[in-house]
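Thanks for coming. I will go through one structure today, starting with the aromatic residues and ending with the overall dimensions.

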Amino acid sequence: MRKILVAGALAAVCIALTACGRRGTIAVENEGAGSDLLRISHPAKYLLLPVEEACGEKRVTLVTGSPADVAMDVRLAHDSVDYFVPFELPAGAAEAVVRVEGVAPDAVFWDRVALSDRFDTSNTDYYRPAYHHTPAYGWMNDPNGLVYKDGEYHLYYQYNPYGSKWGNMHWGHSVSRDLVHWEPLPAAIARDTMGHIFSGSAVVDKNNDAGFGRDAIIAFYTSAGDRQVQCMAYSTDNGRIFTKYGGNPVLTPFDGLRDFRDPKVFRYEPEQKWYMIVSAYKEMRLYSSEDMKEWEYVSAFGDGYGVQPRMFECPDFVELPVDGDERNRKWVMIVNVNPGCMFGGSATEYFVGDFDGREFVCESAPETVKWLDYGKDHYATVCFSNTGARTIAVPWMSNWQYANDTPIMQHRGANALPRELSLYTKDGETYVAAGVVEEARLLRGRSRQAGDVSVEGEHMLADLAAGFGGAFEIELDVTPGRAGRVGMELCNGAGEKAEIYLDMEAGRLVMDRTESGETGFGRRSEEYADAAPDAAGPLNYANDFALATWAPLSLCEGGTYRLDIFVDRCSVEIFVDGGRIAMTNLVFPTEPYDAVRLFAEGGTARFSDVTAYELKL
Ligand code: FRU
């Protein structure tokens with residue numbers, strides 16, 4: 001790129017940038033007040049915007065003269081370039097005009113901004129997951145609009161296409177036929193003049209209740225601008241292209257509440273109506289409708305329930321059989337809370353009870369807290385609609401404490417493996433088991449057996465995961481016997497380890513990632529400022545990433561525990577006894593874990609059927 005000064009009637013300073021690309025030239029007109037117009041003749045497909053993550057956000061607008069023009073916030077590079085993001089230009093136009101605001105004249109942006117018909121999405125991240133869903137580039141948080149239709153699972157998600165930190169919320173889109181192989185598709189719903197497109201849900205309108213056509217996919221999302229209101233959009237081409245409903249918003253808070261978001265819509269057959277559950281700061285509100293456009297307030301639940309203090313986000317509400325008995329079904333309200341996680345930051349709790357079309361009555365005492373996952377990187381979890389008898393949940397695998405800081409650049413954010421939910425009873429309470437979906441077996445490649453091993457002290461399986469590139473599954477049964485601490489370390493040649501063990505004295509399954517690899521991006525969170533140190537707890541107040549998480553073993557029957565552990569380039573997911581305990585934690589080992597050290601302290605423990613599988617797409 002070369003800057004050439006040219007004359008311009010309107011401009012105070014006018015510079016022409018000769019693009020290196022095949023076609024297109026960029027002429028820059030300074031509009032004053034730190035605003036520049038890039039006039040691009042014969043535009044290529046993309047303007048490649050150089051991003052420097054440490055920079056503040058600058059506004060970038062495709063100027064068409066329409067009132068729908070909306071600025072995107074991009075961390076345009078000042079000193080150096082971390083990566084590029086593609087800014088799409090109008091196809092076939094003679095000229096495209098892009099306004100950039102707040103870029104200093106000496107910023108490296110001016111040297112590096114470029115035109116191109118291609119945007120290379122080849123992976124440049126060491127920690128890019130080998131088999132978990134991630135966007136090809138950009139930032140991802142919550143799963144949105146999870147819906148199954150005609151053999152396809154649609155996974156929309158909170159997406160920033162203009163950088164790998166949170167911002168510019170769009171709904172990104174991927175589809176899968178088996179829940180593990182995902183095909184990226186263009187973003188489905190873009191940020192607009194009403195605001196960000198926040199989280200929400202989607203349904204298949206089989207009877208054309210909304211009038212957009214039989215079998216239309218209808219998406220519900222929160223428009224987040226000066227206020228948060230619920231909007232709808234519909235697709236008649238199997239979820240590829242959405243049209244925003246002209247009558248938006250369809251629901252505003254009756255009390256002017258600021259935090260009112262993440263609508264989940266579901267069909268409730270006994271009333272022959274659609275229901276919407278919306279998070280409303282410290283409670284969930286239910287509404288009902290016949291046409292999904294006019295919503296009537298029904299009731300609220302949550303004040304004083306579960307972990308305190310908290311803010312409710314991303315609800316779901318599903319009915320499941322208890323212990324597989326279809327005649328005994330209960331309702332589960334999934335509530336994502338931020339903060340509230342036992343280990344700091346964000347996590348997913350749930351309440352079990354009855355619902356009669358009006359009120360949800362929780363069957364446990366208000367102070368009872370039940371977690372869907374006991375790790376630190378499981379949030380915004382919601383379920384697919386239209387999956388018949390199966391209830392399949394998808395988590396976002398991060399935590400708001402450090403989600404923007406993880407050592408990843410090209411893309412940031414992944415989903416944990418989908419889990420199938422079921423209800424089981426234990427000691428008079430009803431709990432949700434979140435077992436990994438059976439489709440995860442499709443990922444299995446080569447396997448290695450270590451058979452049955454009795455261990456007192458330690459037993460090294462040096463090659464168990466060698467050559468698997470840090471992407472593998474380990475299945476085994478653990479019988480602790482009289483041992484007090486029994487488990488394993490996933491280790492690498494750099495001396496880093498993720499420890500997973502049963503602490504039989506404390507009655508806990510523990511995963512300790514203190515020495516798992518890179519942890520330096522973790523910080524002391526403000527939320528710890530007045531937190532009372534928990535003597536028995538594993539919180540690390542100095543670094544919110546370098547710590548251990550634990551789950552109560554009382555959720556299991558005991559004696560022998562079946563562990564199914566999924567390891568990827570930057571994550572570990574542990575499922576005990578079919579998901580009675582699920583624990584999801586990020587890890588950033590600087591070399592892939594390839595060895596496993598089994599250990600048992602204070603007695604002999606038995607490890608049976610120890611098998612490792614390479615996992616790949
Ligand atoms: C949860 C959340 C939602 C919101 C979205 C914004 O992670 O805060 O409540 O809709 O993220 O990206």
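Phe220 is buried, at a relative accessible area of 0%. This is a predicted model, so please take every value that follows as computed from it. Phe220 sits in strand β16, residues 216-224, while Trp295 is in the loop between β21 (283-289) and β22 (296-301), so the pair ties together parts 75 residues apart in sequence.

A second pair is Tyr268 with Tyr275. Their ring centres are 5.4 Å apart with planes at 75°, so that pair is edge-to-face as well. Both Tyr268 and Tyr275 are buried. They belong to one aromatic cluster, whose members also include Phe301, Trp331 and Phe360. Over the structure there are 46 aromatic pairs.

Now the charged residues. How many salt bridges does a search of the whole structure find? It finds 44. One of them joins Arg412 and Glu53, with the closest N and O atoms 3.0 Å apart. Arg412 is in strand β30, residues 411-412, and Glu53 is in the loop between β5 (46-51) and β6 (58-62), so this bridge ties together parts that are 359 residues apart in sequence. Is Arg412 buried or exposed? Its relative accessibility is 4%, and the cut-off for buried is under 20%, so Arg412 counts as buried. Glu53 is buried too, at 7%.

Lys426 and Asp427 give another case. Their side chains meet in a salt bridge at 3.6 Å, N to O. Asp427 is exposed, with 68% relative accessibility, whereas Lys426 is buried, at 14%.

Next, Arg597 and Glu458, whose side chains form a salt bridge at 2.4 Å, N to O. Arg597 lies in strand β42 (residues 595-615) and Glu458 in strand β33 (residues 444-461), so to speak of their placement, the pair links distant parts of the chain, 139 residues apart. Glu458 is partly exposed, with a relative accessible area of 48%. There is also a network: Arg444, Glu473, Glu475, Asp477 and Arg562 are joined by salt bridges that share partners.

Which residues have the most contacts inside the largest nonpolar core? They are Leu490 and Ile500, in a core of 99 residues. Strand β42 supplies the largest share of that core, 10 residues. Setting aside neighbours within four places in sequence, Leu490 is in contact with residues including Ile474, Ile500, Val567, Tyr593 and Val596. A second, separate core has 26 residues, among them Val60, Val98, Phe109 and Val113.

Last, the chain as a whole. It has one helix and 42 strands. The radius of gyration is 26 Å, close to the 25 Å that the globule rule gives for 617 residues, so the chain is as compact as a globular protein of that length. Along the principal axes, the C-alpha atoms fill a box of roughly 85 × 60 × 50 Å. Of the 617 residues, 60% are buried. Among contacts between residues at least 6 apart in sequence, 62% join residues at least 24 apart. The chain exposes about 23300 Å², with carbon and sulfur atoms supplying 47% of that area.

Key: Residues numbered from 1 in each chain as written. Predicted model: local features only at pLDDT ≥ 70, side-chain atom pairs only at ≥ 80, totals over all residues. Heavy atoms only, no water. Salt bridge = Lys/Arg side-chain N within 4 Å of Asp/Glu carboxyl O. Helix = DSSP H or I, 4+ residues; strand = E, 2+ residues; numbered from the N terminus. Buried < 20%, exposed > 50% of the residue type's maximum accessible area, 1.4 Å probe, protein only. Core = buried A, V, L, I, M, F, W, Y, C linked by side-chain atoms within 4.5 Å. Contact = heavy atoms within 4.5 Å. Rg over C-alpha atoms; globule rule 2.2 N^0.38 Å. Areas by Shrake-Rupley, 256 points an atom, 1.4 Å probe, with all protein chains shown as cover. Phe/Tyr/Trp six-rings, centres within 6.5 Å; stacked < 30°, edge-to-face > 60°.
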